[in-house]
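Dear colleague,

Please find the structure handed over below. The findings follow directly after it.

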Amino acid sequence: MTRAAVRADALTSLGLIEKRPLESYVAPDKPSLVGWSRAALAAALGDIGVAEPQRRMRVQQIWHWLYLRGAQSFDEMTTLSKELRAALAGRFTLARPEAADEQISVDGTRKWLVRLPGEVAGRPHDVECVYIPETDRGTLCISSQVGCTLNCSFCHTGTQRLVRNLTAGEIVGQVLLARDRLADWQQPPGAGNRPESRLISNIVVMGMGEPLYNFEAVRDALNLVADGDGLSISKRRITLSTSGVVPQIPRVGTEIGVMLAVSLHAVTDDVRDQLVPLNRKYPLRELLSACRNYPGLSNARRITFEYVMLKGVNDSLADAKALVRLIKGIPAKINLIPFNPWPGSKYECSDWEQIERFSEIVFDAGYASPVRTPRGRDILAACGQLKSASEKLTARERLALRAMAMTD
Ligand code: SAH
Ligand code: SF4
């Protein structure tokens, strides 16, 4: 074992890198079919007596109702016989997570508090999901875990105590819930003149949690979201963001095939160790090597490096130059994220002029370097501010958060 690995192991056992245990998911008595694979649906049909030769067609029909038309009850599935609908309803539901709260920002951003089944010590399992409309697209930001086992020092989600992995159904369920709330389903033929383009055109896995610590569920959910006979959101329009779980990065390319975003945030191990403690386990050299070798990487399929702008910490012009040197040769774009403060956070956002100067250096080196405009700040929907209400902020914390969001 290398010295770095021994240190990382010691830190992990001290709970400094991944500090909290995962709560487990308790399945409801009547399971929801949302998120099931075709094979699992076929097996379920077999269990309720559907003969083998018919199963494939029935699965296609259920798939159509569920993922193209947004059916919320078996009764709506009029291409299935009444008997089959009743048999399905006796054993299963089409439940998706509930929206326990909906907030709409002055800029059109919407945030839902998504309530998942189960609770621990009276606390519901909640995550947040955000819809961000823009002129040329509509992006849905989804969560992969309740809370996060990692503790990036600038991230609000990392301070949440309760953690559990979402199931594939709960991850897909956020897309269904958002389509329900936005009335964004395909209409029956002849039903009005609604344009065929969907409001939700893009998905980013940038909500709560580290998706690569819930790999299988995230993989199955994203493959379902991209399925051409269903939700049909192209893999080029789906982006998964990781804090740098190096061993899982190649699997994102081979088993999911979506766009990769990496939360880089620093150009030296010293600084990154402070910001993203996982760096002690997977340092920059290993992370960048995983990026260079990312399966399917090309100019058309670049990696996005996310870089949160923290005043006096990682935002010097020397940092910008080092950043360009570090990622040399990797087809990439750099997404500069103004830091979103939260009560108790020890950082400040860089000055606007500094962000512009930083961005210019990166741009002049040949990389697109958009600065992410904070959206939905009045409803605390901006990046890194997601933290479910179940976490019970004190009234004082809530007021402070709102005040920060309004004045920045
Ligand atoms: N866990 C994954 C994905 C969720 S976070 C990850 O870390 O990549 C999505 C992005 O928001 C990450 O780049 C994260 O570093 C950034 N972020 C977290 N807290 C933030 C804050 N307070 N201000 C700005 N960006 C933040
Ligand atoms: Fe977790 Fe990402 Fe927040 Fe880090 S930035 S604590 S990995 S959600």
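Strand S2 (110–120) supplies the largest share of the lining of the second largest pocket, three residues. Helices and strands here are DSSP runs numbered from the N terminus, helices being H or I with at least four residues and strands E with at least two. The second largest pocket holds about 360 Å³ of space. It is lined by 18 residues, of which Tyr25, Pro28, Ser32, Ala95 and Pro117 are the closest to its centre. The elements that give two or more residues to this lining are S2 and H5. A pocket, on a 1 Å grid over the protein atoms alone, is an open set of points where a 1.4 Å probe fits, with protein on both sides within 12 Å along at least five of seven lines; lining residues have an atom within 4 Å of a point. Grid points are joined across faces, edges and corners, and the volume is the space filled by probe spheres set on the points.

Please note that this is a predicted model, in which local features need pLDDT of at least 70 and side-chain atom pairs count only at pLDDT 80 or more, while totals for chains, interfaces and linings use all residues. Residues are numbered from 1 along each chain as its sequence is written, chains are lettered from A and ligands numbered from 1 in the order in which they are written, and side-chain values use heavy atoms, with hydrogens and water left out.

Regarding the overall fold, the protein chain comprises 12 helices and 11 strands. Of its 408 residues, 53% count as buried, that is, under 20% relative accessible area, with exposed meaning over 50% and partly exposed in between (1.4 Å probe, protein chains only). Among contacts (heavy atoms within 4.5 Å) with a separation of 6 or more, 68% join residues 24 or more positions apart.

The largest nonpolar core has 105 residues, and Leu140, Phe154, Phe305 and Ile327 have the most contacts inside it. Such a core is a set of buried Ala, Val, Leu, Ile, Met, Phe, Trp, Tyr and Cys residues joined through side-chain atoms within 4.5 Å. Helix H5 (residues 168–182) gives the largest share of this core, eight residues. Domain 1 (38–91) and domain 2 (98–407) each contribute at least three residues to the core; the domain bounds come from an automatic or database domain assignment. Beyond neighbours up to four places away in sequence, Leu140 touches residues including Trp112, Tyr131, Val175, Ala178 and Ile203. Apart from this core lies another, of six residues, among them Val130, Ile132, Cys141 and Ala261.

- Val252 lies in helix H7 (residues 249–256) and is buried, because its relative accessibility is 0%. Val252 and Tyr294 are 42 residues apart in sequence, yet 8.5 Å apart in space, C-alpha to C-alpha.
- Ser144 lies in the loop between strand S4 (138–141) and strand S5 (145–146). Ser144 counts as buried, because its relative accessibility is 1%.
- Cys148 is buried at 10% relative accessibility. A search of the whole structure finds zero disulfides, a disulfide being a pair of cysteine sulfur atoms within 2.5 Å.
- Helix H10 (residues 317–326) has the buried residues Asp319, Ala320, Ala322, Leu323 and Val324. Their cover includes strand S10 (303–309), strand S11 (332–338) and helix H11 (352–364).

Yours sincerely
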